Amino acid sequence: MFPDITCDDIFRLETAHLWLRWLRATDAPALGALAGLAQVAEMTATLPHPYPPGEAERFILRSRAETAAGDSLILAVAAKTKSQPLVGVVSAVAGERHEVEIGYMIAPAVAGRGFASEAAAALVDAVFNLTEARVVIANSRIVNPASRRVLEKCGFSSRGRRRTRCRRAAAICHAISSNSTAIAGPGADAPAGSRRWRSNALPPYRREWASTRNRRRVARPTACSPARGRAADARPRRSSR
Ligand SMILES: CC(C)(COP(=O)(O)OP(=O)(O)OC[C@H]1O[C@@H](n2cnc3c(N)ncnc32)[C@H](O)[C@@H]1OP(=O)(O)O)[C@@H](O)C(=O)NCCC(=O)NCCS
């Protein structure tokens, strides 16, 4: 589902205040501290509570394997400060019928600064721009108005209450289609409702993505220089006469 560009651990998305990048082994302590919080675990479908020792390391390994395989896009959310601390995690997982399900968690210490909305909007934008997905869905617990507000700000609408992977309580499914108008797009400067997800605008993170692609394009011939040399040798030479 996800293209080669996301399957490489140099892939990252940039938003106004955040980097969304692959999880690393060094994220384990911060991830364990975040995922271990009861108030975070009880709002998610899959986090065990109490969070077992070593689970953060296992989660990082699984996430990297799934993202490398192109089945998912699971990224650390890091603040754009000097030390770039991990403040959350976002995920996009391929489902059935061109649907992708997203999830997110943000550290309570930085809640209310718009980080979840910014990260979720960038992730949705990446899904619609980089994959064939037509619809992105997200499930939030009925008792989680902050998460519903995040989805509302990103332009999602409610599909109503439904049975979900959430084993703890009933959840509301929200969805957004690739034709929807983005309310809070990743370009924080974009006026509300001014753009569609499939637009020609180049949000900030895509500049990084584009420059990454250019770097790789430049890097390849150097890596293959022997073959390149042979190809050059095989080329017909102009006669000196
Ligand atoms: C829910 C969560 C992702 C929100 O992260 P965040 O960075 O604080 O989100 P944002 O700042 O982008 O937006 C939160 C919005 O919810 C609003 N909000 C917060 N608490 C609220 C409440 N009790 N009732 C109504 N709205 C609330 C905020 O005012 C804000 O809206 P605004 O920008 O219009 O003022 C974060 O608290 C979290 O990770 N919780 C635990 C895990 C979780 O719930 N994950 C989602 C699973 S679906």
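Which strands does helix H3 lie across, and at about what angle does H3 run to S3? Helix H3 lies across S2 and S3, and the angle between H3 and S3 is about 125°; the points below place this packing in the rest of the structure.

1. Basis of the note. This is a predicted model, in which local features need pLDDT of at least 70 and side-chain atom pairs count only at pLDDT 80 or more, while totals for chains, interfaces and linings use all residues. Residues are numbered from 1 along each chain as its sequence is written.

2. Overall make-up. The protein has seven helices and 10 strands, where helices (H or I, at least four residues) and strands (E, at least two) are DSSP runs numbered from the N terminus. Of its 241 residues, 33% count as buried; a residue is called buried if 20 or more other C-beta atoms lie within 10 Å of its own, exposed if 12 or fewer, and partly exposed in between, with C-beta atoms placed from the backbone. Among the contacts with a separation of 6 or more, 60% join residues 24 or more positions apart, and a contact here is a pair of residues whose C-beta atoms, placed from the backbone, lie within 7 Å.

3. The sheet. Eight strands form an open sheet with mixed pairing, in the order S1-S2-S3-S4-S5-S6-S8-S7, and two strands are said to pair if DSSP finds at least two bridges between them. The edges are strand S1 (12–14) and strand S7 (157–162), each of which pairs on one side only. From one strand to the next the twist averages 25°; axes are lines fitted to C-alpha atoms, for helices over the stretch in contact, and angles run from 0 to 180 degrees between N-to-C directions.

4. Pairing from S1 to S3. Strands S1 and S2 (residues 18–22) pair in the antiparallel sense over three bridges, with Leu13 opposite Leu20 in S2. The antiparallel pairing of S2 and S3 has five bridges, and here Trp19 stands opposite Ala78 in S3. Strand S3 is largely enclosed by the rest of the structure, because six of its eight residues are buried.

5. S3 and S4 pair in the antiparallel sense over seven bridges; Ala76 has Val89 in S4 as its bridge partner, and Leu73 stands opposite Ala92 in S4. These two strands form a hairpin with six residues between them. S4 and S5 also pair in the antiparallel sense over seven bridges, with Gly88 opposite Ile106 in S5, and they form a hairpin with four residues between them, where Arg97 in the turn has a positive phi of about 50°.

6. Backbone points to check by eye. Most residues other than glycine have a negative phi, and most peptide bonds are trans. Gln84, in the loop between strand S3 (72–79) and strand S4 (86–94), has a phi near 45°, and this residue counts as partly exposed because it has 13 C-beta neighbours inside 10 Å. His98 lies in the loop between S4 and S5 and has a phi near 55°. The peptide bond from His49 to Pro50 is cis, with omega near 0°, and Pro50 sits in the loop between helix H2 (38–41) and helix H3 (55–69).

7. Helix H4 and the core. Helix H4 lies across S1, S2, S3, S4, S5, S6 and strand S8 (171–177), running at about 155° to S5. The largest nonpolar core has 48 residues, of which Val77, Val90, Ile102, Ala119, Ala120, Leu123 and Val124 touch the most other members. H4 gives the most to this core, with 11 residues. A nonpolar core is a set of buried Ala, Val, Leu, Ile, Met, Phe, Trp, Tyr and Cys residues joined through C-beta atoms within 7 Å. Leaving out residues up to four places away in sequence, Ile102 touches Val90, Ser91, Ala92, Ala120, Leu123, Val124, Val136 and Ala138.

8. Around the ligand. Of the 22 residues around the ligand, Met43, Ala116, Ser117, Pro145 and Arg149 come nearest, a residue being near a molecule if its C-beta atom, placed from the backbone, lies within 6 Å of it. The elements that give two or more residues to this shell are strand S5 (99–106), helix H4 (115–130), strand S6 (135–141) and helix H5 (145–153). The largest share, five residues, comes from H5.

Conventions:
Contact = placed C-beta atoms within 7 Å.
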